[in-house]
Amino acid sequence: MKLSVPGRVTATAVVATVSLLAGGSIAGAAPAGQPAGAAAPDIPVANVKAHLTQLQSIATANGGNRAHGRAGYKASLDYVKAKLDAAGFTTTIQQFTSSGRTGYNLIADWPGGDTNQVIMSGSHLDSVTAGAGINDNGSGSAAVLETALAVSRAGHHPAKHLRFAWWGAEELGLVGSRYYVNRLSTTDRSRISGYLNFDMIGSPNPGYFVYDDDPAIEKTFKTYYAGLGVPTEIETEGDGRSDHAPFKNAGVPVGGLFSGADYVKTAAQAAKWGGTSGLAFDRCYHSSCDTTANINDTALDRNSDAVAYAVWELSQ
């Protein structure tokens, strides 16, 4: 999640290697009235953590970070892309420049579904330069990746078209996601039925926060957590500070999850969620200690399952 600082740098975009950003060339729309498919699968938290281990190794081998314009970011993107390509996704790399460095978005389309009704899930893949960015935002990136791989394993073909995205240069001011949205035609924007954002979902002293931007998407996530008996709160700390903002500003319905950054957990929140009151949800936010040791497995597990639940439910 980017810092809340006015006047952050914006992209000077120069090149786009784009072929499926609108999704219009993938055939195979499901017929109207198609019966609802199987329930969403459980997302194995061990698989999500294995992706985090790989992202940590990439950071360690590349100066300790996975930041925009650095070798660690491109290596992270290559890792995610290879997994998706092997699973049968159509992947597209979108290139832009910001702060004099080249950045990349990765878009993955799952064949089939009505491309006039796209359910899109995304997360930012870059870290800050201070550290590996394993909670911020390896956690969201890994959960979205494992959900996409679960779609492939299940042979899931819902009525709506599924698209997944990993954004570059979020930490510089939502640069990658804004670049993507700004280059969609009005028609292509209208085809996105919902954009789901996952930024920091494994915080070590976690809360369970749900975006309240779109009622239907919000209800989907709340239904999932109600089934677990886990209370939620409306997400306010990250308003306008993550990659849902460009979509929301363009009129796309948005939603998402968040487990907290540098805000302090209250006594009331600790009473309902556990953890420690008086401490930040993530004391390693934007710091060198945001490593694989900076993850709460329970929060990561619940939130990863929630990602899959929403993708399955909203795409039927």
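Cys284 has a relative accessibility of 2% and therefore counts as buried, where buried means under 20% relative accessible area, exposed over 50% and partly exposed in between, with a 1.4 Å probe and protein chains only. The model is predicted, so local features need pLDDT of at least 70 and side-chain atom pairs count only at pLDDT 80 or more, while totals for chains, interfaces and linings use all residues. Residues are numbered from 1 along each chain as its sequence is written, and side-chain values use heavy atoms, with hydrogens and water left out.

Cys284 is joined to Cys289 by a disulfide, with an S to S distance of 2.1 Å; a disulfide is a pair of cysteine sulfur atoms within 2.5 Å. A search of the whole structure finds 1 disulfide. The torsion about the S-S bond of Cys284 and Cys289 is about -115 degrees, so this disulfide is left-handed.

| Residue | Relative accessibility | Class |
|---|---|---|
| Cys284 | 2% | buried |
| Cys289 | 30% | partly exposed |
| Ser121 | 1% | buried |

Ser121 lies in strand S3 (residues 114-124). Helices (H or I, at least four residues) and strands (E, at least two) are DSSP runs, numbered from the N terminus. Leaving aside neighbours within four places in sequence, Ser121 is in contact (heavy atoms within 4.5 Å) with Val144, Arg163, Phe164, Ala165, Tyr195, Leu196, Phe198 and Val311.

Helix H3 spans residues 134-154 and is mostly covered, with 18 of its 21 residues buried. Just after H3, Gly155 takes a positive phi of about 60 degrees.

Helix H1 (residues 45-61) and helix H2 (residues 71-86) have axes that come within 9 Å and cross at roughly 150 degrees. These axes are lines fitted to C-alpha atoms, for helices over the stretch in contact, and angles run from 0 to 180 degrees between N-to-C directions. H1 and H2 are therefore roughly antiparallel to each other, a term for angles over 145 degrees. Residues that make the contact are His51, Gln54, Leu55 and Ile58 of H1, together with Gly72, Ala75, Ser76, Tyr79 and Lys83 of H2.

For the protein chain as a whole, the secondary structure comes to 9 helices and 8 strands. Buried residues make up 55% of its 316 residues. Among contacts between residues at least 6 apart in sequence, 79% join residues at least 24 apart.

Conventions
Angles under 35 degrees count as roughly parallel, over 145 as roughly antiparallel, 65 to 115 as roughly perpendicular and the rest as oblique.
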